Amino acid sequence: MTPAGAAGMMGNIQAESAFMANNVENRCPLADEAYTILVDANPDYDFAKDNGGYYGYGLCQWTYPPRKIALRNYARERGVSISDIFMQLDFMHHELITEFPSVWRVLTTTDSVKDASDIVMEIYENPA
């Protein structure tokens, strides 16, 4: 990423999770650590839909069920917790390159923090 691209991405991560890789959306009834332990320890837990809660999780607050399943599978393939910051950063990079190439292109070419931040928020984060 360019410095502006990285700054735009980091600004979004700050807003989503305050750089806490184990951050679960505040409306979840469990604390961050308890939620992480539940998901890591229980392969049958419905992480994708949280039994109807749809809680965002991690640095980028992954919420959309197919993306959450992919995040969990990525962690399992590496034998790490869903809260592993390095795994989440690798997963984010993987997603950007494979699923969001238009966002990746901006992040690797822009000199504008605003352009980077906007495209991350609007397309990659895609909040409700």
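Biologist: Is Glu-25 buried, partly exposed or exposed?

Modeller: Glu-25 counts as partly exposed because its relative accessibility is 24%. Buried means under 20% relative accessible area, exposed means over 50%, and partly exposed is in between, with a 1.4 Å probe and protein chains only. This is a predicted model, where local features need pLDDT of at least 70, side-chain atom pairs count only at pLDDT 80 or more, and totals for chains, interfaces and linings use all residues. Residues are numbered from 1 along each chain as its sequence is written, and side-chain values use heavy atoms, with hydrogens and water left out.

Biologist: Which side chain does Glu-25 meet in a salt bridge?

Modeller: That of Arg-27, at 2.8 Å from N to O. A salt bridge here is a side-chain nitrogen of Lys or Arg within 4 Å of a carboxyl oxygen of Asp or Glu. Arg-27 is partly exposed, at 49% relative accessibility.

Biologist: How many salt bridges by this rule?

Modeller: Five. One of them joins Arg-67 and Glu-95, with the closest N and O atoms 2.8 Å apart. Arg-67 lies in helix α3 (residues 65-78) and Glu-95 in helix α4, so the pair ties together parts that are 28 residues apart in sequence. Helices are DSSP runs of H or I with at least four residues, strands are runs of E with at least two, and both are numbered from the N terminus.

Biologist: Are Arg-67 and Glu-95 buried or exposed?

Modeller: Both Arg-67 and Glu-95 are buried.

Biologist: And what about Arg-78, which side chain does it meet?

Modeller: Arg-78 forms a salt bridge with Glu-77, at 3.4 Å from N to O. Arg-78 is partly exposed at 39% relative accessibility, while Glu-77 is exposed at 63%.

Biologist: Changing topic. Where is Lys-68, and what does it touch?

Modeller: Lys-68 sits in helix α3. Its relative accessibility is 0%, so Lys-68 counts as buried. Leaving out residues up to four places away in sequence, Lys-68 touches Tyr-35, Phe-47, Ala-48, Asp-50, Tyr-55, Trp-62 and Thr-63. Contact means heavy atoms within 4.5 Å.

Biologist: Which residues make the nonpolar surface patch?

Modeller: Ile-85, Phe-86 and Leu-89, with an area of about 290 Å². Patch residues have over 30% relative accessible area and no salt bridge; like charges are joined within 9 Å, and nonpolar side chains (Val, Leu, Ile, Met, Phe, Trp, Tyr) within 5 Å. Areas come from the Shrake-Rupley method with a 1.4 Å probe, and for residues only the protein chains shown count as cover.

Biologist: Where does Leu-89 lie?

Modeller: In helix α4, residues 85-98. Leu-89 counts as partly exposed because its relative accessibility is 35%.
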